[in-house]
Amino acid sequence: MAQSRNNITKPSPESDFAERQKFAAAFAKAMAQQTIHDPDGKTSRRTARTYTSYTRENIEGYLEAPTSSEKDLRNASIFLYQTHSRYRNLLHYYACVPRWYYTITPVNFNPEKSKKETYKKQYQKACNIIETMGLLKSMREAALVALREGAYYGVIWGGDGNSFILQKLNPDYCQIVSITDGNVFQFAYDMSKIKEADLATYFPPQFADMYKAYQNGGSQYQVVPPEIGFCIKGDTSIPEYSIPPFSAVMPSLYSIKNIEDLTETATELSNYKLIAGVLPVDSEGVPLIDYPTAMQYYSHIAGNVGDRVGVAISPFELKSYDFEQSGTTSQIDNVARANENFFASAGTSALLHGATNSTSGVTKLAIKVDEAFAFEIMYQCGAAINRFLKTLSGNIKFKVNFLPVSIFNETEMVDLYKNAMNYGMGKLQYAACIGIQQTDLLGQAFVENEILGFDSMFTPMQTASTRSADDKKSGRPTSEDVTDEGEETRDTTANDNK
């Protein structure tokens, strides 16, 4: 049963950092199931949100003044993400390109000062903390938000190895204020938007001190402490403001919609028919039949055709003229072309999103560019996580190293690290690439070998990485067809060092 929040004693503002961190960890453990919405209405983080139906002209106007249009561009991006599958697929694509595999290694390792048992104890502690983070899922979600909204602003609950929650904050109340150690963005939160009654429920304990500083005459925007702050940007090249990195291609979505509407209209018109009856007239243009008789014929025909067939009568001969493109070359699918232009404008290959083409070589090169962009966000997440790990207690620090493995090069990287093991390197990287997290490696080996006895039941294939130097079965098989001289050499030690 989860620990009650009411039984947790809050430390005084004068308490040291270790005691306050302990309180934050206990609070996060009690808050393992974070409240999003209470159907009874007693407490809820869900508020009514309404987005404007943005036009192409709106977005182009916002792009002309990005520093003053952060919120507008962010909301437009969220709106298009929810209403246009192409835009949603584009953002999901870049967030899911990295496989988010990682290894855990010491920071500033000094072999002369290292004590094996101490390092082993701290290593296990770091593994427990990182395991509770669920990096493969939480970092992918953070990257998606940064791509959609321009930046991800969040706070960390817990982080003691027992619990971990990465809580997203409302970006409307956040501002990036500095770049700290490790090139990690630090942000401030607008304390005037917080209700004092919500501090104990929806915000980490450090926010109570920030709110108190604001109430005592401090700045409206209070900097979120590095031990709980987590911030990444979709585009790090412009630190002064945060807009969705694919804002420039959002107007293209309206071009696609216009072409789809025109195509639908043309298709509908092509299914519509008109039957015209010609009234006989004399040389002076006077009808040869009277009006009531003509209307009787008209009513008879009109009553026997479908909804998409029109009927008309006229003393003039009617002709139809079509403006459709003719010829095999000129019959181009405009919607498909607009789709390709959209993804090309976004800097990715349209072939990866449903377009048909046979230029596989160009596609492979385009994937490399996509990987570089996605890895930049992945490395940002690693830097933010490592800054948090540095704030934890203990003299021995560990860091997370995200590997440059994508959904496209995974097989290639597995082979790379497998070959590296032949030279005694890359064991942790190889395990990570085949889906075994470093936090599970020791436990899995213990279960397989000590409990299930797999090491004695299954014999691994003999390779350069599994043979020892004393393995007499290694090397070329002994030949039976040798000379007397060769037999004499075998009996001596003449070839032992060759």
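Which residue of S6 does Ala188 stand opposite? Point 5 has the answer.

1. Basis. This is a predicted model, where local features need pLDDT of at least 70, side-chain atom pairs count only at pLDDT 80 or more, and totals for chains, interfaces and linings use all residues. Residues are numbered from 1 along each chain as its sequence is written, and side-chain values use heavy atoms, with hydrogens and water left out.

2. Overall make-up. The protein has 17 helices and 10 strands. Helices (H or I, at least four residues) and strands (E, at least two) are DSSP runs, numbered from the N terminus. Of the 498 residues, 36% are buried (under 20% relative accessible area, with a 1.4 Å probe and protein chains only). The exposed surface comes to about 30,400 Å², by the Shrake-Rupley method with a 1.4 Å probe. Carbon and sulfur atoms supply 51% of that area.

3. Contacts along the chain. Residues 24 or more positions apart account for 67% of them.

4. The sheet S4-S5-S6. Three strands form an open sheet in that order, with antiparallel pairing. Two strands pair if DSSP finds at least two bridges between them. S4 (174-180) and S6 (221-223) each have a single partner strand, so one side of each is left without a neighbour in the sheet. Neighbouring strands are turned by 35° against each other on average, direction ignored.

5. S5 against S6. Strand S5 (residues 184-190) runs antiparallel to S6, and 3 bridges join the two. Ala188 stands opposite Val223 in S6.

6. H3 against H4. Helix H3 (residues 70-83) packs on helix H4 (residues 85-96) at about 105°, with the axes 6 Å apart. Axes are lines fitted to C-alpha atoms, for helices over the stretch in contact, and angles run from 0 to 180 degrees between N-to-C directions. H3 and H4 are therefore roughly perpendicular (65 to 115 degrees). H3 brings Ser77, Leu80, Tyr81, Gln82 and Thr83 to the contact, and H4 brings Ser85, Tyr87, Arg88, Leu91 and His92. By class, 4 are nonpolar, 5 polar and 1 charged. Ala, Val, Leu, Ile, Met, Phe, Trp, Tyr, Cys and Pro count as nonpolar, Asp, Glu, Lys and Arg as charged, and the others, Gly among them, as polar.

7. H3 against H6. H3 also packs with helix H6 (residues 135-149), at about 115° and with axes 8 Å apart. Arg74, Ser77, Ile78 and Tyr81 of H3 meet Leu144, Arg148 and Glu149 of H6. This contact has 3 nonpolar, 1 polar and 3 charged residues.

Methods:
Angles under 35 degrees count as roughly parallel, over 145 as roughly antiparallel, 65 to 115 as roughly perpendicular and the rest as oblique. Contact means heavy atoms within 4.5 Å. Buried means under 20% relative accessible area, exposed over 50%, partly exposed in between (1.4 Å probe, protein chains only).
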